[in-house]
Amino acid sequence: MDIAKKIYELSLQICTYVIPLSLILYYYFPKIRPVLFIHMIIVASIGNIETHNSIIFPTWWEKIISYFFHALLILILFLFKTSSYINIYSVLLNILVPLPILFHPKWLYTMSKERMIMTYYIKYIVIAFTILVIFPFFKKFE
């Protein structure tokens with residue numbers, strides 16, 4: 001495959017911008033870490049699912065590179081030991097998530113736009129429920 005075409009296709013991937021932006025914001029602005037916590041987990045998981053099904057990354061080494069960069073989002077959460085809690089800014093960020101998906105100029109993903117948004121919100125609800133309900137329940141027994 002032509003390298004220019006590969007770079008062009010990579011520039012159309014949302015994670016090309018979301019991963020570096022998330023890592024930079026997470027590292028340099030400690031106060032917004034709880035806002036990005038759930039978002040980074042979800043982006044990493046959806047990104048890895050898309051990498052697995054990807055037609056843009058057909059070779060094994062391209063898939064490994066993609067898995068690595070998506071895994072960085074999870075790894076950084078463990079390295080910085082962020083406390084996970086839900087606040088209004090986390091909810092606002094997740095309300096804005098569909099915008100880059102809906103207005104994306106050329107969709108190269110295996111998931112449809114609607115399915116990706118639905119997957120994002122289902123994962124957000126499950127993780128938020130876990131943080132708000134399940135974690136406090138088990139802390140009672142400590």
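Biologist: What should I keep in mind about the model itself?

Modeller: This is a predicted model, so local features need pLDDT of at least 70 and side-chain atom pairs count only at pLDDT 80 or more, while totals for chains, interfaces and linings use all residues. Residues are numbered from 1 along each chain as its sequence is written, and side-chain values use heavy atoms, with hydrogens and water left out.

Biologist: Why is Ser22 called buried?

Modeller: Buried means under 20% relative accessible area, exposed means over 50%, and partly exposed is in between, with a 1.4 Å probe and protein chains only. Ser22 has a relative accessible area of 5%, so Ser22 is buried. Ser22 lies in helix H2; helices are DSSP runs of H or I with at least four residues, strands are runs of E with at least two, and both are numbered from the N terminus.

Biologist: What does Ser22 touch?

Modeller: Contact means heavy atoms within 4.5 Å. Not counting residues up to four places away in sequence, Ser22 touches Leu36, His39, Met40 and Leu73.

Biologist: How do you know whether Ser54 is buried or exposed?

Modeller: Its relative accessibility is 15%, so Ser54 counts as buried. Ser54 lies in the loop between H3 and H4. Beyond four places in sequence, Ser54 touches Lys63 and Thr110. The C-alpha atoms of Ser54 and Tyr109 are separated by 7.0 Å, although these residues are 55 residues apart along the chain.

Biologist: And what about Ile19: buried or exposed?

Modeller: Ile19 has 6% relative accessibility and therefore counts as buried. Ile19 lies in helix H2, and touches Phe69, His70 and Leu73 once residues up to four places away are set aside. Ile19 and Phe69 are 50 residues apart along the chain, with C-alpha atoms separated by 7.5 Å.

Biologist: What makes a set of residues a nonpolar core?

Modeller: The members are buried Ala, Val, Leu, Ile, Met, Phe, Trp, Tyr and Cys residues, joined through side-chain atoms within 4.5 Å. The largest such core here has 27 residues, and those with the most contacts inside it are Ile38, Met40, Ile42 and Leu73. Two or more residues come from each of helix H2 (15–28), helix H3 (33–53), helix H4 (60–80) and helix H7 (113–139). H3 gives the most to this core, with eight residues. Ile42 is in contact with Tyr120, Lys123, Tyr124 and Ile127, leaving aside neighbours within four places in sequence.

Biologist: How many aromatic pairs are there?

Modeller: The structure holds six aromatic pairs. Rings of Phe, Tyr and Trp (its six-membered ring) pair if their centres lie within 6.5 Å; planes under 30 degrees apart count as stacked, over 60 as edge-to-face and the rest as tilted.

Biologist: Why is the pair of Tyr27 and Tyr28 called edge-to-face?

Modeller: Their ring centres are 4.9 Å apart and their planes are at 90 degrees, so the pair is edge-to-face. Tyr27 is partly exposed, because its relative accessible area is 47%, whereas Tyr28 is exposed, with 57%.

Biologist: What makes Tyr27 and Phe80 a pair of this kind?

Modeller: The rings of Tyr27 and Phe80 have centres 5.9 Å apart and planes at 80 degrees, so they too are edge-to-face. This pair links distant parts of the chain, with Tyr27 in helix H2 and Phe80 in helix H4, 53 residues apart. Phe80 is partly exposed, since its relative accessible area is 28%. Tyr26, Tyr27, Tyr28 and Phe80 form one aromatic cluster.

Biologist: What makes a space a pocket?

Modeller: On a 1 Å grid over the protein atoms alone, a pocket is an open set of points where a 1.4 Å probe fits, with protein on both sides within 12 Å along at least five of seven lines; lining residues have an atom within 4 Å of a point. Of the 43 residues that line the largest pocket, the closest to its centre are Ile14, Cys15, Thr16, Ile19 and His70. H3 gives the most to that lining, with nine residues.
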